[in-house]
Amino acid sequence: MPYQLGNVMTLADLASRHGGTDNKVLPIVEMLSKMSPLLQDMSWQEGNLPTGHVFPVRAGLPGVHWRRINQGVKPTKSTVTQVTETCGMLEAVSEIDEMLVKLASDPAQFRLTESVSFLESMTQEFESVVWYGNGQIKPEMITGFSPRFSMLTGPVKRQIIDAGGTGPNLASIWLIVWNSMTTFGIYPKGTKQGLQHHPSQVIDLIDENGGTFRGYRDRFQWNVGLCLRDPRYVVRIANIDVDKLPTYGTAGDQAANLMSLMNIATNRIQNIGIGKAVWYMNRTLREAWENQMLKSYHIQHTKETATGKWEEAYKMIPIRVSDALLDTEEKVV
């Protein structure tokens with residue numbers, strides 16, 4: 001698929017294009033998107049490696065010169081480095097006794113209910129790893145955003161805003177612009193996108209004591225990665241002291257001014273209109289943001305054209321609640 005400016009291919013878009021004739025793919029993708037705000041927004045792309053995705057990053061611009069008549073210019077070139085993002089394999093196996101399925105009033109619905117719990121668990125794990133996973137510590141895991149934006153010094157320091165909190169209960173707000181040229185999810189070359197469900201027919205299963213019984217085994221597989229192609233399109237507002245947020249607007253106000261910090265964040269993005277910009281915060285910060293807006297300004301709403309649903313936004317950028325974002329983050333220094 002050729003790149004187009006502003007192109008954002010979500011998991012649902014990919015499923016519609018490549019899995020439209022498979023009646024199993026679309027329902028699973030729809031369920032995943034409802035379970036995770038990230039999956040509603042993330043742009044996705046097939047990697048160019050069986051294990052992930054390699055891409056060039058321009059480390060230096062080519063030299064340019066002013067010249068005179070009859071005076072030549074020496075050729076120059078930009079300097080480029082190669083970066084490789086790897087995919088991880090997230091899997092789960094469900095086993096159900098055949099008799100339980102037979103006793104259910106609706107066997108198909110019973111198996112679906114069991115599957116949904118596994119899908120939700122895997123989605124929560126994926127979302128948690130997108131924020132906090134560290135492939136340097138656990139090589140089988142992908143590296144999420146927090147380890148990449150974890151220091152107030154270094155190459156991405158401009159993309160981290162220090163809210164000044166020092167207590168034990170700290171949280172972050174993220175502004176991410178999803179796009180196939182900024183940051184996006186990846187799946188290995190030659191594989192299917194999204195979480196795959198492989199149900200079995202009735203087979204022999206083994207219990208914890210070595211006994212056998214007849215039942216069903218469902219395997220769930222998700223080969224997935226995260227590609228940060230251009231860090232200028234991600235901003236982390238870090239070190240928000242959760243314990244001080246209720247003091248906003250009082251005589252002893254020590255709360256972080258969330259709207260002011262979010263305003264700064266929008267100006268740290270290189271080009272806010274290049275893709276799909278979204279705010280992410282947990283429920284504690286969402287409640288505090290609403291309270292600050294109600295006290296000082298008003299809550300802004302925008303209509304999501306795809307669903308017709310009204311949602312809260314700041315600077316017309318939608319705000320998503322991610323329950324995987326913690327109130328107990330380590331201080332970013």
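**Entry 1: strand S7**

I started with strand S7, residues 183–187, where five of the five residues are buried, so the strand is largely enclosed by the rest of the structure. A reminder to myself: this is a predicted model.

Next I looked up the partners of S7. Strand S1, residues 44–46, runs parallel to S7 and is joined to it by three bridges. Gln-45 is the residue that stands opposite Ile-186. S10 is joined to S7 by four bridges, and this pair runs antiparallel. Here Phe-184 has Cys-227 of S10 as its bridge partner.

**Entry 2: strand S6**

How many residues of S6 are buried? I counted nine of the nine, so S6 too is largely enclosed by the rest of the structure. Leu-170, Ser-172, Trp-174, Ile-176 and Trp-178 point one way, while Ala-171, Ile-173, Leu-175 and Val-177 point the other way.

S6 is joined to S11 by six bridges, in antiparallel fashion, and I noted Ala-171 standing opposite Ile-240 of S11. S6 also runs antiparallel to S12, with five bridges between them. In that pairing, Trp-178 stands opposite Lys-276.

I wanted to know where the nonpolar side chains gather. In soluble globular proteins, they tend to be buried together. The largest nonpolar core in this model has 33 residues, and the ones with the most contacts inside it are Trp-131, Phe-145, Trp-174, Trp-178 and Tyr-280. The elements giving two or more residues to this core are helices H3 (37–41) and H5 (107–132), together with strands S6 (170–178), S10 (212–228), S11 (234–241) and S12 (276–281). Of these, H5 gives the most, with six residues. There is another core apart from this one, made of 31 residues, including Ala-255, Leu-261, Met-293 and Ile-319.

I took a further look at Trp-174 and what it touches beyond four places in sequence. Its contacts include Trp-131, Phe-145 and Phe-149, then Val-234, Val-235 and Arg-236, and also Val-278, Trp-279 and Tyr-280. Leu-325 and Ser-146 are on the list as well.

**Entry 3: helix H8**

Helix H8 covers residues 283–296, 14 residues in total, and spans 20 Å from its first C-alpha to its last, close to the 20 Å expected. Its buried residues are Leu-285, Arg-286, Ala-288, Trp-289, Gln-292 and Met-293. Looking down the axis of H8, I see these buried residues fall within an arc of 165 degrees, so they line one face of the helix. Arg-283, Glu-287, Leu-294 and Lys-295 are exposed on the other side of H8. I also found a cap at the N-terminal end of H8: a side-chain oxygen of Asn-282 lies 3.2 Å from the backbone nitrogen of Thr-284.

Which residues here have a positive phi without being glycine? Lys-315 is one, with phi at about 55 degrees, and Met-316 is another, with phi near 65 degrees. Lys-315 sits in the loop between S14 (309–314) and S15 (317–321), and Met-316 lies in that loop too. Lys-315 is partly exposed, with a relative accessible area of 39%, whereas Met-316 is exposed, at 52%.

**Entry 4: two single residues**

Is Gln-196 buried or exposed? At 16% relative accessibility it counts as buried, because the cut-off is under 20%. Gln-196 belongs to strand S8, residues 196–199. Setting aside neighbours within four places in sequence, Gln-196 is in contact with Arg-219, Phe-220 and Gln-221.

Thr-153 is in the loop between H6 (145–148) and S5 (160–162), and it is exposed, with a relative accessible area of 52%.

**Entry 5: the whole chain**

To finish, I noted the overall figures. The protein chain has eight helices and 15 strands, and 43% of its 333 residues count as buried. Of the contacts with a separation of 6 or more, 75% are between residues 24 or more positions apart.

Conventions:
Residues are numbered from 1 along each chain as its sequence is written. This is a predicted model: local features need pLDDT of at least 70, side-chain atom pairs count only at pLDDT 80 or more; totals for chains, interfaces and linings use all residues. Side-chain values use heavy atoms; hydrogens and water are left out. A nonpolar core is a set of buried Ala, Val, Leu, Ile, Met, Phe, Trp, Tyr and Cys residues joined through side-chain atoms within 4.5 Å. Buried means under 20% relative accessible area, exposed over 50%, partly exposed in between (1.4 Å probe, protein chains only). Contact means heavy atoms within 4.5 Å. Two strands pair if DSSP finds at least two bridges between them. The expected span of a helix is 1.5 Å times one less than its number of residues. The arc is that of the directions from the helix axis to the C-beta atoms. A polar contact is a pair of N or O atoms within 3.5 Å; within protein, one must be able to donate a hydrogen and the other to accept it, and residues adjacent in sequence count only if both atoms are side-chain atoms.
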